[in-house]
Structures are given as structure tokens and as C-alpha cells.
Amino acid sequence: MAQLNLAPVPSVVAIQAVVFLVNMVIIRKLFLDPYLRLRARRDALTAGSKADANRLLFECDEIAAKVQEQIDTAAAVAASDRERIKTEAMNKRSGIISAAEEKAKNEFDSVASRIKQEVIEQRRLLPQVIERLTDEVFKLATNKH
């Protein structure tokens, strides 16, 4: 029967070890190192982009807060101006109404005074008018007979 010799041959082991080491160096230089550099670069770019994105988001939030603050300030100023203008308008309106009421009262008093004077004048003339009318009626009545 055949005999199986399982004892390692040192020259074959040495050749296989050299072939393995050469293959390992070649694989590392051609594939592993470029892959690791590319991955490290991609991670750096991705992490950098994430950091930039986070920084930009933070800046955007700060700008939005400043804009909102300016809007709130402008709204408060506008409300204050609106109230001031409204108060001024109401005061002006009251003044105009008071002046118009005073003018109307004066005009009414003047017209009422003229009417009273005219009534007094007409009452003073009334006996003369009655006398003339009586004379006219008497003349007409005597001329018919």
C-alpha cells in the first residue's frame, strides 16, 4: 500500500511563504491601500459636509431668529404708530366736531335772533295792517250797496 508522507518539506513551505508574502504586498499596494485612502477621503468629505451642513443650519436658525426679532420690533413700532395716529385723529376729529357745533350754534342763535326781531317788527306793524285791511273790507262792503 502506498504511504502518505504528511511531513512538511521546508523548501516548499519557504516558496509558498514567499508567494504568499508577495501576493499580500501586491494586494495591499494595488487594492487595499487605494481602497482605504478612498474610504478615508470619502469619510472626511462626508463628515466635513455634515459639519458644514450643521454649521449652515445653525447659521440659518440664527438669521431666522434675527429676522423674526426685527419683524416683532417692526410690528411693535407699527402698532405704537397706529395707536398714536389714531389718538391724534380722534383728537383732531373732536376739535373739528366741537368747532362745527360751535359754528352751528352761533349760526342758529343768529338766525333765531333775526327771526325774533322780525316777529317783533311784524307784531309792531300788525295793528297798521289790520287797520288797512279793515278799511279795505269796509270800502268793499260799502261799494257793493
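This is a predicted model: local features need pLDDT of at least 70, side-chain atom pairs count only at pLDDT 80 or more; totals for chains, interfaces and linings use all residues.
User: How many helices and strands does the protein have?

Analyst: Helices (H or I, at least four residues) and strands (E, at least two) are DSSP runs, numbered from the N terminus. Here the protein has one helix and zero strands. Helix H1 covers residues 10-144.

User: What does the radius of gyration say about the overall form?

Analyst: The radius of gyration is taken over C-alpha atoms, and the globule rule is 2.2 Å times the number of residues to the power 0.38. For a compact globule of 145 residues the value would be near 15 Å, but the protein has 59 Å. Along the principal axes, the C-alpha atoms fill a box of roughly 195 × 35 × 25 Å. Phe 20 and Leu 133 are 113 residues apart along the chain, and their C-alpha atoms are separated by 156 Å.

User: What share of the residues counts as buried?

Analyst: A residue is buried under 20% relative accessible area, exposed over 50%, and partly exposed in between (1.4 Å probe, protein chains only). Of the 145 residues, 1% count as buried. Phe 20, which lies in helix H1, counts as exposed because its relative accessibility is 53%. Accessible areas come from the Shrake-Rupley method with a 1.4 Å probe, and for residues only the protein chains shown count as cover. In total the protein exposes about 13700 Å², of which carbon and sulfur atoms supply 64%.

User: Which residues form a nonpolar patch on the surface?

Analyst: Patches are made of residues with over 30% relative accessible area and no salt bridge; like charges are joined within 9 Å, and nonpolar side chains (Val, Leu, Ile, Met, Phe, Trp, Tyr) within 5 Å. In this model, Val 18, Val 22, Ile 26, Ile 27, Leu 30 and Phe 31 form such a patch, with about 570 Å² of accessible area together. Leu 30 is placed in helix H1 and is exposed, with a relative accessible area of 56%.

User: How many positive and negative side chains are there, and how far apart do the centres of the two sets lie?

Analyst: Lys and Arg count as positive and Asp and Glu as negative; His and the chain ends are not counted. Each charge is placed at NZ of Lys, CZ of Arg, CG of Asp or CD of Glu. The protein has 23 positive and 20 negative side chains, and the two centres lie 8 Å apart.

User: How many salt bridges are counted?

Analyst: A salt bridge is a side-chain nitrogen of Lys or Arg within 4 Å of a carboxyl oxygen of Asp or Glu. The count comes to seven salt bridges. One of them joins Glu 121 and Arg 124 (2.2 Å, N to O); these residues lie three apart in helix H1, about one turn of the helix. Salt bridges that share partners also join Asp 52, Arg 55 and Glu 59 into one network.

User: Where do Glu 59 and Arg 55 lie relative to each other?

Analyst: Glu 59 and Arg 55 are separated by about one helical turn because they are four residues apart in helix H1. Their side chains meet in a salt bridge at 3.1 Å, N to O. Glu 59 is partly exposed at 32% relative accessibility, and Arg 55 is partly exposed at 40%.

Methods
Residues are numbered from 1 along each chain as its sequence is written. Side-chain values use heavy atoms; hydrogens and water are left out.
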